[in-house]
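Student: I've got this model open and I'd like to understand where the labels come from. Can we go through them one at a time?

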Amino acid sequence: MENGNKTHFVDEARITERSMKRSQTDEVRKHYGPWAPTYGRPEDDGPLMAMVRAREDRIIDESLALDGTESILDAGCGTGARAHALKDRGHVVWAVDCTPEMVAIAEVHVDRAVVADLHELDLGRTFDLILCIGAMEFSHEPGALLKRLRAHVAPHGRLIVLVPRTGPGGWLYRFIKAKHGLDAHLFGTGEMRRLAREAGFDWEGHRTPFIHNFVAVLRTTAVS
Ligand SMILES: C[S@@+](CC[C@H](N)C(=O)[O-])C[C@H]1O[C@@H](n2cnc3c(N)ncnc32)[C@H](O)[C@@H]1O
C-alpha cells in the first residue's frame, strides 16, 4: 500500500515536471512564432538593439576560433542568421529550434533544419561545435538541456552558450520577457560552471558582452 502510494507520488511529480517543460516550450512558441517574419531585422530592432546584437556577434565570433572544417549545430537557431553566416564560410551547419515559424526561415540556407525541443534533442550525430545563443534561459531544467547538448558534441568539441545573468541588467531582461508570459532564468557564472561540469564539460572561459548577459565557452571533458 505504502509502496503503491510512493509510486503514485513519483509518477505525479514526473507528469508535473513534464507538463511544466511542455507549457514553457508552448509559451516560447507563442512568443517567437508571430515574431519570426521580422525577428532580428535591423530596421525593426532599432539602434539600441542593433548595438547590443553587434557587440554580442563580435564576442561570439571571437570565441568561435574555427579552422573552416568544423561541423556546427545552431541550437535554438531562431531565423538562423548565425547558421547562415557559418554556412557561407563553408561549414556543414544544422539548425534546430522548437518554433516551426523560425525553422521555416532558417532552413533556406543550412544543411539540415529540424523542429525540436532541445530537452528532447536526438539528432543521431555529433558536431564539432554547438552554439546555443539566447535559448537556454527559457528552460526549467537547464542542466537536463545541457546534457542533451553534450550528447551532440564530438570528442574535443565545444559548446558556446549566451545566457542572461543575475544582476540589474538581467532583472530588466527577465521583467521584459515576463510581460510576454515567458519565465527567463538568470544564470550566475558559478551556476553555469556547476551545470557544465555535471553535464561533462570543462570551462574554457567566459566574456560579458553587456550588463545583462555572458558568453561561456565549454569543451567536452577529456576522458582519461
Ligand atoms: C532569443 S531567440 C535567439 C535566436 C538565435 N539563437 C539568435 O541568436 O538570434 C530564442 C530562440 O530559442 C528558441 N528556443 C527556446 N527554447 C527552446 C527549446 N527548449 N528548444 C528549442 N528551441 C528553443 C526559440 O524558439 C527562439 O527561436
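Student: What makes the largest nonpolar core a core, and which residues have the most contacts inside it?

Tutor: Keep in mind that this is a predicted model. The largest nonpolar core has 48 residues, and the ones with the most contacts inside it are A75, A95, A106, I130, C132, L149 and L159. They count as a core because a core is a set of buried nonpolar residues joined through C-beta atoms within 7 Å. In soluble globular proteins, nonpolar side chains tend to be buried together.

Student: Which residues is A95 in contact with, leaving aside its neighbours within four places in sequence?

Tutor: A95 is in contact with D74, C77, G80, A83, A106, V110 and A113. The label "contact" applies because the C-beta atoms of two such residues lie within 7 Å.

Student: How much of the protein counts as buried?

Tutor: Of its 224 residues, 31%. As for contacts between residues at least 6 apart in sequence, 60% join residues at least 24 apart.

Student: Why is R197 called partly exposed?

Tutor: R197 has 13 other C-beta atoms within 10 Å. Buried needs 20 or more and exposed needs 12 or fewer, so a count in between is called partly exposed. R197 is found in helix α7, residues 189–199. R197 and G143 are 54 residues apart in sequence, yet their C-alpha atoms are 9.9 Å apart in space.

Student: What makes β3 and β6 edge strands?

Tutor: Start with the order. The open sheet has 7 strands, running β3-β2-β1-β4-β5-β7-β6, with mixed pairing. β3 (112–115) and β6 (201–207) each have a single partner strand, so one side of each is left without a neighbour in the sheet. On average, neighbouring strands of this sheet are turned by 15° against each other, direction ignored.

Student: How do you know that β1 and β4 pair?

Tutor: Count the bridges: strand β1 (residues 71–75) and strand β4 (residues 127–133) share 3, in the parallel sense. Pairing takes at least two bridges, so they qualify as a pair.

Student: What makes β4 and β5 "mostly covered"?

Tutor: In β4, 6 of its 7 residues are buried. In β5, 9 of its 12 residues are buried. β4 and β5 also pair with each other in the parallel sense over 6 bridges. Along that pairing, F127 stands opposite V153, and L131 has I160 as its bridge partner.

Student: Which residues are closest to the ligand, and what makes a residue part of its shell?

Tutor: The shell has 20 residues, and the closest are G76, G78, C98, G134 and A135. They belong to it because a residue counts as near when its C-beta atom lies within 6 Å of the molecule. By class, the shell has 10 nonpolar, 8 polar and 2 charged residues. Helix α1 (residues 2–32) gives the largest share, 3 residues.

Methods
Residues are numbered from 1 along each chain as its sequence is written. This is a predicted model: local features need pLDDT of at least 70, side-chain atom pairs count only at pLDDT 80 or more; totals for chains, interfaces and linings use all residues. Helices (H or I, at least four residues) and strands (E, at least two) are DSSP runs, numbered from the N terminus. Ala, Val, Leu, Ile, Met, Phe, Trp, Tyr, Cys and Pro count as nonpolar, Asp, Glu, Lys and Arg as charged, and the others, Gly among them, as polar. Axes are lines fitted to C-alpha atoms, for helices over the stretch in contact, and angles run from 0 to 180 degrees between N-to-C directions.
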